[in-house]
Amino acid sequence: MNLIALSERILSKLPPRMAEAMYRAAQRVPRVRRLLESEYADLLESAPIPDPAADTVFATIPEQPLSRDEIIDKVTALAAVEEEDGRQGRASGAIYHGDREHIKLLNEVYAVNSQSNPLHIDLWPSGVKYEAEVVAMTAAMLGGNETEDEIVGTVTSGGTESIIMAMKAYRDMAGIRNPEMVIPNSAHVAFDKAAHYLGYKQVKVPVGPDYRVDVGAMARAVTRKTVVVAGSAPGFPHGVIDPIAELADMARERGAGFHTDACLGGFILPWAARLGYDVPPFDFRLPGVTSMSADTHKYGYAAKGTSVVMYRGRELRRHQYFVATDWPGGLYYSPTMAGSRPGALVATAWAAMLSMGEQGYMEATRSIFETGARIRAGIEAMDGLRVLGDPLWVIAYTSDTVNIYEVMAQMANRGWSLNGLHQPPAVHMALTLRHTQPGIAEAFLSDLAAAVDEAAASGSEPQTGSAPIYGMAATFPARRAVGDLLRRYIDKLYEPRWASQSMPLPPGEVPERGEGDEGPT
Ligand SMILES: Cc1ncc(COP(=O)(O)O)c(C=O)c1O
């Protein structure tokens, strides 16, 4: 038996805190640490490390400049493989629109604005217009036109930054020591990142059997120190919508702010409601909702790198801003985390919204929801799988008979890139416009049926791809060990691709990859 398996056996008999302490203590013993390192390395051997199949590796800046054509050839060769993969609609989330003409429009808008930096509004006043209009359009879509209050916001680099910014605003407005946030444990990990950076105490409330959080349990978690409560519409893992109206009322009664995380649903649920789907209220029409996040770079169909964070009233937004009045570099103000910001990406978000229009968003939502219903029904009809909760278009499922991570790995062998979940072990697929193409839902369901059969044949222990790591992560009692493994995985991604070659490269020299040469792995 290896050390990880042995530790799992011993530590799982201990209360979680003691298991963590034992792991820390064991790590201090050099021999144990060395053994663990080698076992982590073995585990990571099976982890899928992307191979970009590049013909040339650059370890240093080339002495002679490459020509424009050489560079374009290299990037188009790399992108061609990825585009083909993505276009087939085999990934969960990730590519939300993907139509060639749509991407071409975004690219053209980007190209026109590639130098734009909203930090220098004197040089690029158009950036101010694009950002203000993206915020206004998003706020109006999310109930901003149906409340007396002014709904304001900013564009950020993505859902995570939107959530961090909102949490910063609540923290700074409250101005108390040791502020707390109360969130469902299904809330996106961006709240953990916010707590980590901003010094919050996080109180996480477990979700119920329907994967929605219980309002009473959330209320009991609120204390004098709670400055914000949050819920998701929907949550990333199971795609279900928390009881936002009740949670927002509860937070309001207790004098706390309430953030609806609609990063995933913000640009799809309003249209679903208009199409007649049963969508509970989740936006600024609810008086208790004091902030929201909605991602333009997901179902807003913009290029990657934008999201909108919104507030009920300017005062809260002001607490998001950063200003410096005594810096020798001048008077400085910045609305979000970054200093210089990509104005071109804001322009693509603006262009995506104009090019979709209400009609485009409605049509997109209709086809995604119809495909979602078909896929959900197909999974429900499948022996060995069980759908979690009552999802609409982000569909999570598990199995009571086969190892679900092995099913995920078998799907990966068939080209499907699904999201692994844990607590409980499950897999999900967030449907996008890519999956509404003819034949994709059918291919998904038939591959899934085959993957379940193969998982059943392979026995209970996960065998392939990331399955062993998920297997370890799902059950290992010392969570610090799982974190250590993940840190080493990130290290591996930064390892130069040539590291596995026997000869170190002389500085500046690049290996050419010959035909049929698999290259470094
Ligand atoms: C509900 C939810 N919130 C926040 C995020 C974070 O978004 P991003 O990856 O753009 O930072 C996601 C991402 O999937 C999400 O699904």
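Predicted model: local features only at pLDDT ≥ 70, side-chain atom pairs only at ≥ 80, totals over all residues.
Residues are numbered from 1 along each chain as its sequence is written. The protein chain has an average pLDDT (the predictor's confidence in each residue, from 0 to 100) of 89, and 89% of its residues score at least 70. Over residues 499-521, by contrast, pLDDT stays under 50, and the model has 22 contacts beyond four places in sequence for this segment; a contact is counted when the C-beta atoms of two residues, placed from the backbone, lie within 7 Å.

The protein chain contains 17 helices and 13 strands, taken as DSSP runs (H or I of at least four residues for helices, E of at least two for strands) and numbered from the N terminus. Of its 521 residues, 41% are buried, where buried denotes 20 or more other C-beta atoms within 10 Å of the residue's own, exposed 12 or fewer, and partly exposed a count in between, with C-beta atoms placed from the backbone. Among contacts with a separation of 6 or more, 73% are made by residues 24 or more positions apart.

Helix H15 (residues 440-457) has 18 residues and extends 26 Å from its first C-alpha to its last, close to the 26 Å expected at 1.5 Å a residue, the expected span being 1.5 Å times one less than the number of residues. Its buried residues include Ala 441, Phe 444, Leu 448, Ala 451, Val 452 and Ala 455. These residues lie on the same side of H15, because they cover an arc of only 105° around the axis, the arc being that of the directions from the helix axis to the C-beta atoms. Such a pattern can be read against the geometry of an α-helix, which has 3.6 residues a turn, so that residues three or four places apart point the same way. On the other side of H15, Glu 442, Ser 446 and Ala 457 are exposed, while the cover over the buried residues includes helix H13 (343-380) and helix H14 (404-413).

Just after H7, Gly 175 has a positive phi of about 60°. In the loop between H7 and strand S2 (180-184), Asn 178 has a positive phi near 50° although it is not glycine, and this residue counts as exposed because it has 8 C-beta neighbours inside 10 Å.

Most residues other than glycine have a negative phi, and most peptide bonds are trans. Gln 423 lies in the loop between S12 and S13 and counts as exposed, with 12 C-beta neighbours inside 10 Å. A cis peptide bond also joins Ala 233 and Pro 234, with omega about -10°.

The ligand is surrounded by 13 residues, of which the closest are Gly 158, Gly 159, Thr 160, His 188 and Cys 263; a residue is counted as near when its C-beta atom, placed from the backbone, lies within 6 Å. This shell divides into 4 nonpolar, 7 polar and 2 charged residues, with Ala, Val, Leu, Ile, Met, Phe, Trp, Tyr, Cys and Pro taken as nonpolar, Asp, Glu, Lys and Arg as charged, and the others, Gly among them, as polar.
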